[in-house]
Amino acid sequence: MRKSMHIRQIPLSSNQILLELVYESLDQFLGKSHTVISSDLPYNGNHILALDSNNNAVLLCCDNRDGGRALLNGLTVLEGLTNNRAWLYRLYPTLFKEHSNNPGGFQLENICMMILAPTPPPGVAYLNRLCPSLKFF
């Protein structure tokens, strides 16, 4: 018995479209030899966890409307990754293998977070001074 396949179009939300566009443009943010670790993290928001061309961990957080929401979602992801380090190691061993030659290995504290949104979050000047690894686009 042959089963038929039903294909239908599903409209994408603008956040999904934004994430797809960012994913296709990662060379511009991370360099040509970047490695995507995950674009489907189990947290609210739109995030991509990757290694840039220098093997530095980067968390890209996108929101099509609000930079503040993108920042808060990104901080939630970092907190979740910190609280679930063993889970992170099991699911994404690439992060740890790429940093095995470093004496301290992979450190969650060294993740660079990039916020991609049409408006910057409140307090962006203060945040830039406090946390230089936080970048806004």
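The model is predicted, so local features need pLDDT of at least 70 and side-chain atom pairs count only at pLDDT 80 or more, while totals for chains, interfaces and linings use all residues. Residues are numbered from 1 along each chain as its sequence is written, and side-chain values use heavy atoms, with hydrogens and water left out.

Q: Why is Asn 73 called buried?
A: Buried means under 20% relative accessible area (1.4 Å probe, protein chains only). Asn 73 has a relative accessible area of 18%, so it counts as buried.

Q: What makes Leu 72 count as exposed?
A: Exposed means over 50% relative accessible area, with partly exposed lying in between the two cut-offs. Leu 72 comes out at 56%, and therefore it is exposed.

Q: In which helix does Asn 73 lie?
A: Asn 73 belongs to helix α3, residues 67–83, and Leu 72 is found in helix α3 too. Helices are DSSP runs of H or I with at least four residues, strands are runs of E with at least two, and both are numbered from the N terminus. The protein has six helices and five strands.

Q: Which residues is Asn 73 in contact with, leaving aside its neighbours within four places in sequence?
A: Contact means heavy atoms within 4.5 Å. On that basis, Asn 73 touches Asn 44, Gly 45 and His 47.

Q: What separates the C-alpha atoms of Leu 72 and Pro 121?
A: These C-alpha atoms are 9.2 Å apart, although Leu 72 and Pro 121 are 49 residues apart along the chain.
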